[in-house]
Amino acid sequence: MASTEVREAHVADASAVAPLTEEKVDEKFDDVKVDEKEITEELDLYAPLKMDPSIPHEPNPLTARAVIVGILLGALVNASNLYLGLKTGFTFSANIFGSIFGYGIVKLLATHCRDWPILGGTFGPQENSIIQAAATGSGGIAGIFVAGIPAIYRLQAIDGTPQENFGPLITITLVCSFFGLFFVTPLRKFFIIRVARELKLLFPTPTAVALTIRSMHAGAAGAQEAISKLKALGLAFSAALIHRVASYYAIGILYDWHPFTWIHIWSNGTSWALNIESWGWYFENTSAFIGSGILIGMNAAISLFAGAVLAWAIIGPVLVHYGECIGKQIYPDDPYWDSLYTFSSLSNLGHETPSPRYWLLWPGVLIMVATSIAELLVQYKVLAHAGRATWKAMCSGLNDLKIKVSGKPSTFLEAQASKYQDDPNMVADSARPEDQVPMWQWMLGLVASIVIAIIVFEYQWGMNPGLTILACLLGFLFSFLAIQIGAVTDQTPLTAASKASQLVFGAATSGKGYSITDAQRINLVAGGLASGAADVGNALTSDFRTGFLLGTPPNKQWYAQSMGTLISVFLAPGLFVLFSTAYPCILDGSDHCPFGVPSVAAWAAVAQAVTDPAVNIPWTSAIFSIVMAIVCVAQVVVRHFYLVGEREWVRDYLPNWGAIALSFVLPNPVFTTASLVGALLALAWRKWKLSSFELYGYAVAAGLIAGEGLGGVVGAVLQIAGVSGDLLGTSVGCPGNEC
């Protein structure tokens with residue numbers, strides 16, 4: 001996820017659009033009665049989309065109204081992501097939310113303020129893509145504040161509170177955001193243009209976003225479809241927001257449904273019912289994860305739920321039964337509730353028998369890492385080609401730069417560059433040379449961001465320049481891998497990247513004289529830099545792909561996302577201060593907390609395991625992790641090399657090990673259950689009326705996700721104001737009268 005663990009489960013597709021493949025595009029156009037040439041043009045997703053000829057030319061889609069609207073919509077998603085990420089470890093992208101809501105707002109301005117400067121004027125698909133680029137920028141970088149940063153406070157590896165450390169929080173956000181933004185800029189040419197067709201880099205989610213924008217601007221029919229989507233998104237957003245705020249005052253009635261607690265109460269103390277309750281088997285009426293279930297499809301949803309059953313109904317109880325792990329009584333002094341336990345505590349590691357959650361964390365992490373690496377290595381031919389193309393293109397660029405500076409070419413660079421010949425199948429760039437991001441801008445920004453990173457991490461976080469440069473290199477490497485894997489699979493392995501970074505820095509600080517506290521702080525900060533930069537870099541490349549299909553100049557997108565990112569640099573830390581002030585348990589690790597903070601706990605546990613000699617990985621967990629990793633790698637190999645051709649249909653029925661691993665990392669099965677309900681609702685909706693689902697389904701999902709997230713922000717404000725549900729509401733129906 002990503003950014004949290006959600007992305008490994010194919011949930012983090014967060015764009016609220018269905019995963020898109022060439023096969024699905026084929027199906028979509030099966031019934032379209034046009035000639036063969038037109039079908040071929042329509043299905044070429046490696047060339048700019050054919051737009052409605054009635055759309056007027058857009059000389060400058062980078063308008064003030066597009067940027068402002070995009071930033072405001074992205075800010076809503078940023079706020080939503082802080083809530084959802086702290087609660088569940090899941091975050092979502094702002095692109096489809098910004099695209100649809102942005103369409104409605106700017107279309108309204110364009111229609112009713114036609115003669116007004118700035119607000120009026122024609123509105124087309126390229127300006128729509130600027131809205132979603134700005135929204136993606138201002139909606140991003142929440143991931144570090146639902147994982148590594150709060151983990152630093154949880155391990156007491158920093159003095160003071162987030163309010164007192166607001167300056168350092170802003171500077172680390174600045175570094176993570178703009179380092180990723182600058183270094184990935186030149187990769188647009190490589191991933192979107194040079195190797196996209198040959199390596200089949202379809203970028204499913206960004207492509208689907210572009211198709212959504214195009215459809216909304218396709219004449220009168222498209223406008224009517226867009227209004228329908230907007231209404232569906234707005235209604236879902238409003239309903240989810242109202243439901244979440246109201247549920248604070250009757251949480252056991254409107255939000256958390258605990259049937260086994262009810263059995264315990266109705267039967268006057270049935271301990272077996274509380275035993276099931278203790279393992280997290282209740283239903284949370286969470287709009288966000290019902291919405292995510294609509295997005296991910298049945299395979300991922302069933303895999304998530306199956307992983308939860310395996311972890312929290314089979315492995316966990318067996319571990320406790322044989323004394324390998326223990327649970328903790330929540331109310332030891334209350335005879336009526338003394339059978340209620342928690343099996344997800346990650347406190348006091350190394351000093352007592354661990355909980356099942358700590359034992360399950362390691363197979364979850366290793367499965368994610370092993371699966372991601374295996375998915376990458378089976379593309380060895382792709383990687384080899386990518387390496388050669390990158391080297392030759394780099395030599396060509398450096399040689400051109402040397403000619404400009406000195407007037408003379410480099411013999412070596414010229415020889416290497418001459419080996420590079422454009423593939424005849426290479427994608428034609430829709431952007432003119434003057435529409436590209438100038439080299440001096442991103443190069444100057446990259447150098448400046450690295451220098452600022454060295455200064456910031458040295459003086460504010462106690463990390464020497466060598467380790468900072470290592471973190472930057474890992475950020476670049478992980479970005480390259482994340483973009484490559486995400487472009488093919490639509491699953492971005494940010495969790496695997498962050499955990500791999502933590503392991504690297506555990507080795508880098510070992511034996512170097514660091515105290516445990518200093519080593520843990522460096523481990524978490526460096527992991528945040530690497531994964532945060534990779535997250536931003538992947539988001540920008542995705543936006544470039546959307547803009548390429550719509551013909552949007554990349555420099556305009558780059559400016560829009562940069563402006564949005566600048567806002568997020570201040571917005572994300574501010575929201576983190578808001579939540580940590582309203583709910584101090586986020587930082588102190590209290591078991592009685594409305595936020596599960598699964599990513600925070602996982603990052604902290606990994607940091608402890610690689611820096612503290614007293615904290616060990618259980619031997620049985622290590623063995624199980626290795627065995628499961630081998631099984632997962634074997635499935636990747638079989639799927640890639642054997643399940644091809646006429647056997648390829650079997651792939652749809654293979655378990656999604658990224659989703660299963662995610663269930664191992666989560667603290668309970670609640671969210672997997674809600675996602676399964678959402679997927680089942682989507683399945684029934686498709687069976688009932690496919691056209692209705694295609695029109696409304698993903699807009700409804702986006703609204704449900706964003707609405708609950710913003711409702712969580714309102715809840716934090718109510719908490720600080722002293723009028724929250726825990727003071728003025730009721731907890732009837734909750735175990736121990738507390739949900």
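## Exposure and the nonpolar patch

A residue counts as exposed when its relative accessible area is over 50%, and as buried when that area is under 20%. Val405 has 68% relative accessibility, so Val405 is exposed. This is a predicted model.

Val405 lies in helix α17. Val405 is also one of the residues in a nonpolar surface patch, together with Trp391, Met394, Leu398, Leu401, Phe412, Met439 and Met443. Together these residues have about 750 Å² of accessible area. Helix α17 (380-406) and helix α19 (439-459) each supply at least two of the patch residues. The most come from α17, with 5 residues.

## Salt bridges around Arg432

The model has 9 salt bridges. Arg432 takes part in a salt bridge with Glu434, at 3.4 Å from N to O. Arg432 also meets Asp435, at 3.0 Å from N to O.

Glu434 is exposed, because its relative accessibility is 52%. Asp435 is buried, because its relative accessible area is 9%. Arg432 is partly exposed, at 47%.

Arg521 and Asp518 form a salt bridge of 2.9 Å, N to O. Both are in helix α22 (residues 516-550). They are 3 residues apart, so about one helical turn separates them. Arg521 is buried, with 13% relative accessible area, whereas Asp518 is partly exposed, at 27%.

## A salt-bridge network

Side chains of opposite charge can pair when their charged atoms come close. Salt bridges link Arg188, Lys189 and Asp429 in a network.

Definitions and conventions
Residues numbered from 1 in each chain as written. Predicted model: local features only at pLDDT ≥ 70, side-chain atom pairs only at ≥ 80, totals over all residues. Heavy atoms only, no water. Patch = residues over 30% accessible without salt bridge, like charges linked within 9 Å, V, L, I, M, F, W, Y side chains within 5 Å. Areas by Shrake-Rupley, 256 points an atom, 1.4 Å probe, with all protein chains shown as cover. Salt bridge = Lys/Arg side-chain N within 4 Å of Asp/Glu carboxyl O. Helix = DSSP H or I, 4+ residues; strand = E, 2+ residues; numbered from the N terminus. Buried < 20%, exposed > 50% of the residue type's maximum accessible area, 1.4 Å probe, protein only.
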